[in-house]
Amino acid sequence: MINNTFFINVLRFVLLILVQVLVFNRLNFFGYINPMVYVLFLYWYPIKKNRTTFILICFLLGLLIDIFSDTLALNAAATVTIAYLRPSIMRFVFGVNYEFQSFKLNSSTKAQQFTFLALLIVTHHVIYFTLEIFSFANVLLIFKKSITIGAASILLCLLFSSLFSTRKE
C-alpha cells in the first residue's frame with residue numbers, strides 16, 4: 001500500500017512544479033516580479049522524515065524548475081541550501097517544540113507559521129539572486145529583488161497555504 005502522506009507529497013511536488021513553470025514563470029508584475037511559489041514544498045514537507053531524502057528531493061525539485069526555466073541550476077542550489085538550513089530555521093522559529101518534535105505545523109501559531117514561511121522564502125531569494133547577479137557591487141539590486149519578489153512570493157504562498165490547508169474544526 002502506498003502511504004497517504006507519500007501520495008500527497010508526490011502530488012504537491014508535481015503540482016507546484018507545474019504551477020511554477022506554466023503560470024508564475026510567465027508572469028511579470030511591474031516588469032520583473034516573478035513569484036516563486038514552489039518553495040511551499042519545503043514548507044509543507046513533513047518534519048519527521050529522513051533529512052537525506054528530503055535534501056535529494058529538494059535538489060530534484062530545484063533541478064526540474066531549472067530545466068524548465070533555463071536558469072542554470074540556480075534554483076537547485078538555492079533549494080538545496082534551504083533544505084539543509086531548514087532544521088536550523090525551524091529550531092529558531094519553533095524553539096523547544098522542534099527539539100522534541102512534539103508538534104505539527106498546523107498546531108503552531110499563525111505568527112510562527114508566517115515567520116517560518118517568510119524566513120524560508122527570504123533566505124531562498126537572497127541565495128538565488130546572489131548567485132544570479134554574482135556581484136557584490138550590486139548589493140542593492142540583490143536586496144531590491146529579494147525583497148520585492150520575496151514579498152510577492154510570501155503573499156501568494158500564504159494564499160495557497162490558506163486555500164489548500166487541511167483544517168480541523
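Where in the fold is the place of Gly 150?

Mentor: Quick caveat before we dig in: this is a predicted model. Gly 150 sits in helix α7. Its relative accessible area is 1%, so it is buried, the cut-off being under 20%. If you skip the neighbours within four places in sequence, Gly 150 is in contact with Ile 121, His 125 and Lys 145. Val 126 is worth a look too: Gly 150 and Val 126 are 24 residues apart in sequence, and their C-alpha atoms are 8.9 Å apart in space.

Apart from residues within four places in sequence, Lys 145 is in contact with Phe 129, Glu 132, Ile 133 and Gly 150.

The axes of α6 and α7 come within 9 Å and cross at roughly 140°. Angles over 145 degrees count as roughly antiparallel and 65 to 115 as roughly perpendicular, so α6 and α7 are oblique to each other. Their crossing is right-handed. On the α6 side, the residues making the contact include Ile 121, His 125, Val 126, Phe 129, Glu 132 and Ile 133. On the α7 side they include Lys 145, Ser 146, Ile 149, Gly 150 and Ser 153. So which class does each residue of this contact fall into?

Phe 134 has a positive phi of about 50° although it is not a glycine. For context, most residues other than glycine have a negative phi. At 67% relative accessibility, Phe 134 counts as exposed, since the cut-off for that is over 50%.

Ala 73 has a relative accessible area of 38%, so it is partly exposed.

Helix α6 has another partner, α4. These two pack at an angle of about 150°, with their axes 9 Å apart, and α4 passes α6 in a right-handed crossing. Sorted by class, the contact of α4 with α6 has 16 nonpolar, 7 polar and 2 charged residues.

Nonpolar side chains in soluble globular proteins tend to be buried together. In this model the largest nonpolar core has 46 residues, and the ones touching the most other members are Leu 40, Leu 42, Tyr 43, Leu 61, Phe 116 and Leu 120. Which elements give two or more residues to this core? They are α1, α2 (40-44), α3, α4 (74-94), α6 (110-133) and α7 (139-163). The biggest giver is α6, with 9 residues.

Take Leu 61 from that group. Not counting residues up to four places away in sequence, Leu 61 touches Phe 13, Ile 17, Tyr 38, Phe 41, Leu 42 and Thr 79.

Helix α1 (residues 4-24) and helix α3 (residues 51-69) pack at an angle of about 25°, and their axes are 10 Å apart. That angle is under 35 degrees, so α1 is roughly parallel to α3. The pair has a right-handed crossing. From α1, the contact is made by Phe 13, Ile 17, Gln 20 and Val 21, while from α3 it is made by Ile 57, Leu 60, Leu 61, Leu 64, Ile 65 and Phe 68. By class, these contact residues are 9 nonpolar, 1 polar and no charged.

Last stop is Val 14, whose place is in helix α1. At 40% relative accessibility Val 14 counts as partly exposed. Val 14 and Leu 42 are 28 residues apart in sequence, with 13 Å from C-alpha to C-alpha.

Definitions and conventions:
Residues are numbered from 1 along each chain as its sequence is written. This is a predicted model: local features need pLDDT of at least 70, side-chain atom pairs count only at pLDDT 80 or more; totals for chains, interfaces and linings use all residues. Side-chain values use heavy atoms; hydrogens and water are left out. Axes are lines fitted to C-alpha atoms, for helices over the stretch in contact, and angles run from 0 to 180 degrees between N-to-C directions. Helices (H or I, at least four residues) and strands (E, at least two) are DSSP runs, numbered from the N terminus. A crossing is left-handed if the near helix is turned anticlockwise from the far one by less than a right angle, and right-handed if clockwise. Contact means heavy atoms within 4.5 Å. Ala, Val, Leu, Ile, Met, Phe, Trp, Tyr, Cys and Pro count as nonpolar, Asp, Glu, Lys and Arg as charged, and the others, Gly among them, as polar. A nonpolar core is a set of buried Ala, Val, Leu, Ile, Met, Phe, Trp, Tyr and Cys residues joined through side-chain atoms within 4.5 Å. Buried means under 20% relative accessible area, exposed over 50%, partly exposed in between (1.4 Å probe, protein chains only).
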